[in-house]
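Student: Could you go through this structure with me, a bit at a time? I'd like to ask questions as I look around.

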Amino acid sequence: MHPFCCVSTVSDHSPVKPLPDHVITMPPPPPATTVTTTSSSAPTSRSNSARSGAQVQCHSNQNHHRSSSVDLNRISQRNGIPSGRDVTTAMAVAPPPQVDVKINDIVGNGISGVLYKWVNYGKGWRPRWFVLQDGVLSYYKLHGPDKIVVSQETEKGSKIIGEESHRLISRHRNSISHHSATRRKPFGEVHLKVSSIRESRSDDKRFSIFTGTKRLHLRAETRDDRVLWMEALQAIKDMFPRMSNSELMAPMDNVVVSTEKLRQRLMQEGVNEVAIQDSEQIMRSEFAALQNQLVLLKQKQWLLIDTLRQLELPSMPLANTKFRAVKSSITLSFETEKVDLENTVVDESQNKLNDPGASSMIKQDKSSEGSVTDTDDDNERGDAAEEETDEDDHTFFDTRDFLSSSSFKSNGSDFRTSSFSSDDEGLNAAYSEDDIDPSIKSVGSNFPYIKRRKKLPDPVEKEKGVSLWSMIKDNIGKDLTKVCLPVYFNEPLSSLQKCFEDLEYSYLLDRAYEWGKRGNKLMRVLNVAAFAVSGYSSTEGRICKPFNPLLGETFEADFPDKGLRFFSEKVSHHPMIVACHCEGTGWKFWGDSNLKSKFWGRSIQLDPVGVLTLEFDDGEVFQWSKVTTSIYNLILGKLYCDHYGTMRIEGNQEYSCKLKFKEQSIIDRNPHQVHGIVQDRNGKTVATLFGKWDESMYYVNGDCSAKGKGQESLSEHHLLWKRSKPPKYATRYNLTRFAITLNELTPGLKEKLPPTDSRLRPDQRYLENGEFEMANSEKLRLEQRQRQARKMQERGWKPRWFAKDKGSEAYRYMGGYWEAREQGKWDSCPDIFGQIPSDQLLD
Ligand SMILES: CC(C)CCC[C@@H](C)[C@H]1CC[C@H]2[C@@H]3CC=C4C[C@@H](O)CC[C@]4(C)[C@H]3CC[C@]12C
């Protein structure tokens, strides 16, 4: 595959010049032959590690297709259309264009050279030989001191980047190697089609490549070298326009061919009608043939996709059932771009389900890594690379060490953090740190006590292990969307209820309100920021999918014990949008959630669209959007989700806040970090925030990134929020204490609810009760019913309690729900969970 034949101990006094930029190498060379070049220059100190090992060898693909190879800087000549002066050159010498255009026709015959790859903290940056060819970036260990032998093929077209690379590689133009180089497998490969590339902004030699499951941190020798690599990588990436899942899976539309223009033209020429009709017929039949080819191609594509999946599945260790598989056709529900996790297979849940004690899903499960055969020390598992920084980074000091230091841990002696006492201390478990102003501390925790449940009902049926594999294997090659998957992969909560989980730490808003009232707007924004982060804490270790609500489904949460009322409704099915509205003590909070998803094969990226608004009764308003969430290891390994990106909390008064959720790297010793700053209207940083979205948030007054300030200023930190302790009775879904209460029918509540409330959804209730058979059949029935939803929406269905804000896409609560509830007036609420009346069946 790669044009390198072998890399052996050869170096060169005179670095080989790369091919001149304007050169277009036209004639295909003779079959690839190994060329050995010798040189004697001593390697620079930088290449020490490259000198010490064995050789790197690899063979080129002997049958490698070679049409005209175009140098890197000729990228503009895409699709074989040279530009400007080169046109003549190309035309003059070029053989007839070949249809089989390969990527290398666009990016020369590949590029190669030394890049430094971050290995781990012990080893740091190590040189590796990288080869970019055919859309694949492969890398090899440089064991041998400076002997690189390349095939003639490489020599002809591949561009070598970097002085060090030139030193390492040397060529004897006309000599043919006599030693038989055995093909060497690359140490690693990155398929650019599915990867994303990012330049480091803090280091102009660094860049990283994210493959969807791992991140490679690379460093070029010089800034210019990085530019060259980036250009080449980007050119390859541009070859693969990003296709949404729906586009990828969409059936092929029949192309309609019009012969009208042809007819006109022929008529102009005075061609008689018979000849025109003949010509039209010829054209149509040619197109029909083409269309058949297209259909065949589409079928081939499907076959390939399925084969890919089949290849992935059997390699999974079935015995420990630590695998997941995503259905091949992903048509989906909670996001517009159609990744329906409802139709997603997860087997890991079984492990968890059968082990209710295993509440912590974060423990690294070695067995799940059993399939990783790579035992070399360059293993990606060791790549606990530093994450790339973005433009905000200079604003923040590095909290890494601090966050991992023992002083930070909640049980650290110098830290008063949590003092959750009895197990009965449920929802408003506002901790009592001495840190927090006592008069504020009580805010949000002195609401009336309401008895709520502390555990889910004991399962009625024995939890039987569903053999997911048997389900998948019988369906390979079929349209898996037609295969029904059991409720085992759901948690007994709907997305409407899940929205309310963001309000678990609503006492932070009560405190924010109180601080503002007392004139301390800084403390207000700090508490708002802590609140915005706290909503993510309940996602940690949760690997089941919430129920996708039915169109018109609602959820109310009347929580006087939190001083608030919350209400949500599913307002759109395509795209799936949930709107919510919450009235607290001194504040209102509303928003809608519409997730755009990108399916990366092994991971799914969810980008929330829409704005959340928090309005205090005194008129101060804050708005922000949620950051990106990604769910990793859908197919193999331990499923987990991460949240990353920058969240800007814009205030309409004095302060605004910027929070950065750091993206987790492969084995992050310190994952889930969040840090941020509060700025006043003039852009001056007045406070710094740091913490973790699954643990706690702290603030420090002033700008900790300012010169002269550093770790020591962290001793001035103050706790804002700390996550509640896990429930006494762990659930198989890893629900928090708060989440456990959400589907509860407290005494007298059922009678008050509208028929659309999630608590009345039968399949969810069955699941909660552990009646899996019933849950499954009811889920099927409701899904069947839900298929009407799109049509309903197309026919003008409108949500009952929310409406789009004038001139915007955002939904606002229209009011009236609690009033209707007061009167028990639910006439306008359809029985969405019942049997569908035949007169309402839409065709
Ligand atoms: C069934 C299998 C394959 C996957 C399980 C997927 C789980 C982990 C997914 C499904 C739906 C996801 C949630 C969908 C929406 C949001 C809102 C967002 O602002 C924070 C993340 C959060 C709360 C997601 C967390 C992860 C989530 C719960």
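Tutor: What follows is a talk through this predicted model, from the whole chain down to single residues.

Student: OK, how many helices and strands does the chain have?

Tutor: The secondary structure comes to 22 helices and 34 strands. Of the 843 residues in the chain, 55% count as buried.

Student: Which residues are closest to the centre of the largest cavity?

Tutor: The lining has 44 residues, and the closest to the centre are Lys498, Thr539, Pro546, Leu595 and Leu606. Several elements give two or more residues to that lining, among them α14, β18, β23 (604-609) and β26.

Student: Which element gives the largest share of that lining?

Tutor: That is β22, with six residues.

Student: How does the lining split by class?

Tutor: By class, the lining of the largest cavity has 25 nonpolar residues, twelve polar ones and seven charged ones.

Student: Why does threonine 629 count as buried?

Tutor: Threonine 629 counts as buried because its relative accessibility is 14%, and the cut-off for buried is under 20%.

Student: What does threonine 629 contact?

Tutor: Leaving aside neighbours within four places in sequence, threonine 629 is in contact with Tyr536, Ile604, Gln605, Leu606, Cys641, Asp642 and His643. With histidine 643 there is also a polar contact between the two side chains, at 2.8 Å.

Student: Next topic: where is threonine 613, and is it buried or exposed?

Tutor: Threonine 613 is found in strand β24, residues 612-616, and it is buried, with a relative accessible area of 6%.

Student: Which residues does threonine 613 touch?

Tutor: Not counting residues up to four places away in sequence, threonine 613 touches Lys588, Phe589, Trp590, Val621, Phe622 and Gln623. A polar contact of 2.8 Å joins the side chains of threonine 613 and glutamine 623.

Student: What about aspartate 617, buried or exposed?

Tutor: Aspartate 617 is found in the loop between β24 and β25 (621-624), and at 51% relative accessibility aspartate 617 counts as exposed.

Student: Which residues is aspartate 617 in contact with, leaving aside its neighbours within four places in sequence?

Tutor: Aspartate 617 is in contact with Tyr513, Gly586, Trp587 and Lys588. Tryptophan 587 is 30 residues away along the chain, and the C-alpha atoms of the pair are separated by 5.4 Å.

Student: Switching to cysteines, how many disulfides does a search of the whole structure find?

Tutor: The search finds zero disulfides. Cysteine 580, for instance, is in no disulfide, and the nearest cysteine sulfur, that of cysteine 499, is 5.1 Å away.

Student: Is cysteine 580 buried or exposed, and what about cysteine 657?

Tutor: Cysteine 580 counts as buried at 8% relative accessibility, and cysteine 657 counts as buried at 3%.

Student: Can we finish with helix α19, and how many of its residues are buried?

Tutor: Helix α19, residues 762-769, is mostly covered, with seven of its eight residues buried. Those buried residues are Pro762, Asp763, Gln764, Arg765, Leu767, Glu768 and Asn769.

Student: What do the buried residues of α19 pack against?

Tutor: They pack against β17 (490-494), α14 (495-501), β18 (545-547) and α20 (772-786). Of these, α14 and β18 are also among the elements that give two or more residues to the lining of the largest cavity.

Student: And what comes just after α19?

Tutor: Just after α19 you will find glycine 770, which takes a positive phi of about 75 degrees.

Terms used:
Residues numbered from 1 in each chain as written. Predicted model: local features only at pLDDT ≥ 70, side-chain atom pairs only at ≥ 80, totals over all residues. Heavy atoms only, no water. Buried < 20%, exposed > 50% of the residue type's maximum accessible area, 1.4 Å probe, protein only. Polar contact = N/O pair within 3.5 Å; in protein donor to acceptor, adjacent residues only side chain to side chain. Contact = heavy atoms within 4.5 Å. Helix = DSSP H or I, 4+ residues; strand = E, 2+ residues; numbered from the N terminus. 1 Å grid on protein atoms, 1.4 Å probe; cavity = no way out; pocket = protein on both sides within 12 Å on 5 of 7 lines; lining within 4 Å. Nonpolar A, V, L, I, M, F, W, Y, C, P; charged D, E, K, R; others polar. Disulfide = S-S within 2.5 Å.
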